[in-house]
Amino acid sequence: MFFTNAQDVIKHLYSLPKLHEKADLTYIKRVLKLLGDPQDQVKTIHVTGTNGKGSTSYYLSNLLQKAGQKTGLFVSPYIFEFNERIQLNGQNISDSELVRIANLVEKALDQIRVEDPSFALVTFEYEVIIAFVYFEQVKCDYAVIEVGIGGEHDKTNVITPEVSIITTVGLDHEDVIGPTLLDIAREKSGVIKTKRPVVLGNLPKEVMPIIEERAREESAPIRKLGKDFFVSDDPKIRYRENNKKLSFNLRPEVEGFDIAVAVQAFSLLHLPLAPDEIEEAINQTIIPGRYQVLQSEPLIILDGAHNIQAMQNLLNFIHEQARLRHSTVRILMMMMRDKDLDEVFSLFQPTDQIELTTIDYPRAAKKEDFPNWVVQKYPYHENWQSAYKQLKLESQANDILLVTGSFYLVGEILHLEENAKNEN
């Protein structure tokens with residue numbers, strides 16, 4: 001196959017299977033080897049966690065850039081366009097580079113298929129390979145690599161990073177890496193590598209023995225939030241480690257944890273960066289679709305929270321803001337039908353005005369996918385555009401309008417707002 005444009009590449013990627021029969025790394029390693037093992041030519045930082053891994057990756061990427069490093073970033077999901085998945089110094093991979101590298105991958109696949117005609121990659125493997133080839137070819141100093149799901153069996157787990165990070169451990173993707181919290185912790189501990197430090201964020205106490213045992217087996221030094229470095233938020237986010245003290249603009253508490261983890265991981269790389277430059281790099285970081293403020297009156301916040309832990313953290317923040325602003329909270333909610341729908345909806349307060357919607361996406365929950373009690377309690381709108389516009393109209397200056405439940409809906413809203421801006 002030969003690609004001539006980026007849309008063909010993206011269409012092909014999404015036509016590939018999502019999973020192999022066995023969840024190992026033999027397929028991706030085979031292709032990477034043929035391409036010269038590009039993942040071994042670039043220094044990497046590997047970031048996993050149930051929540052916070054995307055934010056942490058963005059903070060780290062900005063710190064590295066501020067330190068003058070040519071920095072690659074691989075993240076998921078994308079919010080605005082596919083090319084966001086693979087970035088260099090904060091710029092998305094160009095369509096032409098995407099096409100060129102996809103054609104290199106196709107050549108390697110053709111070679112393999114001479115001996116093994118049925119050989120195929122899954123979507124995520126293909127994306128990871130494009131990223132590693134790109135980062136190696138543009139000669140990155142560092143690449144920040146966010147896992148897809150889990151750690152041990154994740155397709156990104158073909159690297160020996162300078163630093164590994166586990167931001168949080170909670171319940172999500174239990175069908176793939178669960179079912180229990182301990183199973184999930186075991187899977188995520190797979191990013192820990194021999195004699196490479198691991199930075200741990202706000203982890204539940206019950207999973208610590210699993211993480212610590214894996215680190216011991218790998219002789220990997222541990223740096224732990226709340227033990228080796230600290231963060232608080234009064235009235236700014238304050239980071240402390242030995243004699244080092246930094247302060248950052250106030251963000252939600254969980255973002256404070258992610259900032260602390262990113263700063264700690266960065267410090268382990270021993271790159272020169274003055275305290276005021278560290279503060280500036282963090283303060284300038286905008287994370288798409290995560291606590292993203294669209295406007296302040298009414299306060300419109302977009303956040304792709306799609307599991308219990310993320311939703312609880314988000315709602316804690318929203319309800320505190322509502323208390324300070326004396327405001328009504330309106331929520332436009334869309335979720336994937338394979339998520340814990342019952343549990344998520346139990347987190348809302350009786351005063352929250354929730355409206356359900358859907359988008360044109362195979363996994364998106366429709367009215368019949370929501371629990372009965374949810375559809376009886378909250379109105380459902382097939383058309384997300386009109387639901388969003390109506391909620392905006394109803395919101396007073398001091399109110400809060402939250403769009404959440406899925407990064408896909410967040411992306412659609414961003415497109416809608418961008419188009420509206422361009423029309424004016």
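A residue is termed buried when its relative accessible area is under 20%, exposed when over 50%, and partly exposed in between (1.4 Å probe, protein chains only). The model is predicted, so that local features need pLDDT of at least 70 and side-chain atom pairs count only at pLDDT 80 or more, whereas totals for chains, interfaces and linings use all residues. Residues are numbered from 1 along each chain as its sequence is written, and side-chain values use heavy atoms, with hydrogens and water left out.

Salt bridges, defined by a side-chain nitrogen of Lys or Arg within 4 Å of a carboxyl oxygen of Asp or Glu, number 18. One of them joins Arg85 and Glu127, with an N to O distance of 2.9 Å. This pair links distant parts of the chain, Arg85 being in the loop between β2 and β3 and Glu127 in helix α5 (residues 123–137), 42 residues apart. Arg85 counts as buried at 6% relative accessibility, and Glu127 counts as buried at 3%. Helices (H or I, at least four residues) and strands (E, at least two) are DSSP runs, numbered from the N terminus. In a further salt bridge, the closest N and O atoms of Arg223 and Asp228 are 3.8 Å apart; Arg223 is partly exposed at 22%, while Asp228 is buried at 17%.

Strands are taken to pair if DSSP finds at least two bridges between them. Strand β3 (residues 86–88) pairs with β4 in the antiparallel sense over two bridges, and Gln87 stands opposite Asn92 in β4.

Strand β10 (residues 237–241) pairs in the antiparallel sense with β9 (residues 230–233) over four bridges and with β11 (residues 244–248) over five bridges. A hairpin of three residues joins β9 to β10. In the hairpin of β10 and β11, with two residues between the strands, Asn242 takes a positive phi near 50 degrees. The bridge partner of Arg238 is Ser232, and that of Arg240 is Lys245 in β11.
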